[in-house]
Amino acid sequence: MKSFYFIILLLFRSVLLADEPVLRWAADAESGAPNVFYENGDLSKLVGFEKDIIEHIAKRLGCKAEFHQNDWDSLISGLQRNLYDVVINGFSPEEGKENSAIFSNPYYACGLSLIIRSNTDSIKSILDCSGAVVGVLRSSKAESILTNSLKDIKVIGYPNEYCAISDLRDKRVDAILLDGQIATYYTKKLSGLKIADEFDEIKYSVVSTPRNSELMAAINDIIRDMQRDGSLDAIVSKWDLRNVSYSRLCEISSRIETPSSNLKSPEEQNKSTVQYLKVLPFFIKAACVTLMISILSMCVAIVLGLCFAIMRVYMPKWISFFAISVIELLRGIPLLIQLFFVFYGLPCIGITLPPLVAGILALGMNYAAYESENFRAGMAAVPYGQMEAARALGMNQWQSLRHVILPQAFTFVLPPLTNDFIAILKDSSLVSLITIMELTKTYMLIASNSFNFFGMGAIVALIYFLIGLPFAQLAKLAEKHLKLEKRAYSSRKIGGRYNR
Amino acid sequence: MSNRSEPLISISNLCKDYGRNKILKHVSFQIESGDLVSVIGPSGCGKSTLLRCLNCLEVLDDGEITIDGVCLRAVDHEKNEDLFWQQAHELRQNVGMVFQSFNLFPHKTLLDNVTLAQIVVKHERQEKAKTLAMSLLEKVGLGNFSGRYPWSLSGGEKQRAAIARALAMKPKVMLYDEPTSSLDPEMVEEVLQVMRDLDAEGMTQIIVTHEMRFAKDASDYIIYMENGEIIEISDEDEIFINPQDDRTRRFLKRYM
């Protein structure tokens with residue numbers, strides 16, 4: 001119930017605060033250090049140099065900055081979907097998205113850094129890497145450089161920095177090529193790594209859509225002003241991210257300071273139980289979201305599935321054919337594609353659904369196909385004589401279904417239904433891809449920002465298990481209550497211990 | 001046979017086939033109110049199908065059935081299906097059916113089994129339906145079983161409950177499709193006794209059965225069928241003592 005209020009509150013918040021101007025900005029905080037990330041996995045502490053920059057911009061625009069989480073791959077799609085106004089997350093204009101997005105003047109620049117393990121001596125520059133395995137971020141500039149120009153390097157694309165870096169430490173790759181400031185941040189934060197080589201130059205820009213060109217003009221002015229009056233430099237210095245490329249960008253003298261490591265090593269913090277207690281509220285909130293999405297999608301699935309099953313079995317041929325086609329279509333297409341279609345596709349024809357509704361609808365429809373087959377099997381399992389007896393008593397087809405067939409079919413359908421509920425509980429993690437912060441996404445954010453995939457993983461696994469458990473028990477109770485024949489439930493005892 | 005002039009059930013030229021297999025071939029007969037009629041004959045002779053046609057569980061292919069003034073015509077099914085099913089619905093109101101395999105609703109108690117159709121079809125009030133149901137259950141000797149579920153009953157009890165369920169719709173005719181065939185021998189009598197009681201009250205009943213002794217003792221008359229045709233309609237004593245047809249004689253010889 002609490003999560004319901006939470007969602008309603010979310011829906012109303014935008015209405016209530018309508019008179020205060022808001023700059024909606026988005027980034028991927030999953031393993032996003034030092035750009036945008038959660039400090040030590042504490043989801044109430046969003047930090048990062050890009051966050052500082054955008055908040056500064058928002059302040060000068062006279063608005064309140066409002067953060068929206070989205071996956072890096074989907075950030076631009078979300079812009080077009082009008083989920084937020086701007087994206088600030090290490091995007092550079094070179095990356096070939098000009099037709100759908102507009103880029104501001106750069107606010108930061110850096111090189112590409114090649115990170116290796118401290119004890120590796122054989123790699124001095126990127127040219128030494130031929131034959132080696134090099135990790136990069138998926139669809140980053142580093143990836144395009146390596147795959148296009150250095151063909152004898154085996155390139156592995158990673159979804160986020162932390163995965164790449166932990167693979168480097170675990171010796172699954174020989175080196176990784178990352179944006180300079182990310183490389184600097186991690187080599188400072190984690191032991192056993194060093195930067196071997198630095199080359200090329202990337203510039204970071206704020207991204208928006210052509211729709212917001214006026215806003216972008218204002219942002220361009222602000223970035224220029226910030227460069228002039230030193231406030232941009234203050235932020236960059238605060239995060240200790242100055243470098244040659246950046247200095248060239250700002251036309252200030254290069255003065256790279258020695259790193260001052262004032263942050264505690266993350267490995268030390270991991271071990272404190274305080275950290276687990278601190279993240280627990282976020283997990284519980286996310287679990288509520290997951291549970292709510294699962295229950296609502298299952299309701300959609302059951303209602304739709306039942307309709308499809310009845311249409312298929314008891315309706316005229318053309319309706320039955322329609323139902324079969326829909327069922328085949330829905331279960332033949334991956335859930336992920338349906339989800340993206342509903343969320344990012346439907347707006348193209350004028351149907352724009354909020355993320356939660358889109359997620360519940362897509363999940364519900366996908367599962368409706370499976371539930372309809374469950375119901376069909378359940379109805380087929382009811383002896384035909386039941387229908388005859390009902391019809392002979394003068395009931396029409398609908399009355400017979402409603403009072404005689406379906407109540408019995410439901411008892412047969414309950415076990416597979418429970419099965420599917422637990423499956424939907426897990427499949428609901430996919431809705432994180434359309435910006436919903438549910439359990440899996442929360443885990444990824446917390447784990448990647450606190451460098452603790454093991455402990456957090458154990459917690460999240462336990463939560464999923466605990467959510468599913470009562471439903472399995474509930475179904476067991478319901479089965480007992482709805483039993484048609486005592487015999488059916490003791491039949492497994494036939495033969496007793498001689499049963500083989 | 002009774003002497004009343006207006007027949008309650010009148011069947012003329014009834015035909016039914018499954019593909020090329022002709023199950024009923026031009027069957028015609030009439031039954032008057034209050035009669036107890038047994039239909040006998042070898043397996044596959046069409047006697048069950050005949051009974052199911054009377055309740056529209058099978059759609060007749062030709063001919064017509066009239067029960068208490070409601071007329072069901074095969075031509076209507078082809079030309080005006082809505083009218084046909086409307087008629088069928090009306091016809092079913094007057095006809096109660098009891099099946100070989102009871103077909104009680106397993107998810108409901110006996111009381112709910114008997115009240116369900118009253119409430120759903122006739123829109124009776126709950127209390128009224130319950131009162132009638134209780135009196136019917138007592139009548140078939142199941143007054144103490146009203147809260148029990150079908151799985152906890154014996155075969156004979158189940159069949160008696162099924163009869164009570166059909167009676168709750170206040171039918172003018174009761175049809176029984178081999179009501180005792182799946183019962184243990186010692187339970188047959190309790191079901192037959194219910195039917196005898198109903199006969200004494202003047203209920204019109206048609207029974208498809210292999211219980212020759214019951215057919216002989218209780219029936220007003222007997223229809224003998226073979227190969228989808230009525231071979232002989234005759235007084236219960238006459239058919240057993242002095243069958244007119246050779247086929248009837250051969251069939252009865254195996255039983256008697």
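Helices (H or I, at least four residues) and strands (E, at least two) are DSSP runs, numbered from the N terminus. The model is predicted: local features need pLDDT of at least 70, side-chain atom pairs count only at pLDDT 80 or more, and totals for chains, interfaces and linings use all residues. Residues are numbered from 1 along each chain as its sequence is written, while chains are lettered from A and ligands numbered from 1 in the order in which they are written.

Chain A has 19 helices and eleven strands. An automatic or database domain assignment divides chain A into domain 1 (22-105 + 205-265), domain 2 (109-202) and domain 3 (273-493). Taken over C-alpha atoms, the centres of domain 2 and domain 3 of chain A are 43 Å apart.

Of the 500 residues in chain A, 41% are buried. A residue is buried if 20 or more other C-beta atoms lie within 10 Å of its own, exposed if 12 or fewer, and partly exposed in between, with C-beta atoms placed from the backbone.

Helix H7 of chain A covers residues 213-229. Its buried residues are A:Met216, A:Ile219, A:Ile222, A:Ile223 and A:Met226. They lie on the same side of H7(A) because they cover an arc of only 120° around the axis, an arc taken from the directions from the helix axis to the C-beta atoms. The face turned away from this buried side carries exposed residues, including A:Ser213, A:Glu214 and A:Arg228. After H7(A) comes A:Gly230, with a positive phi near 85°.

Conventions
The expected span of a helix is 1.5 Å times one less than its number of residues.
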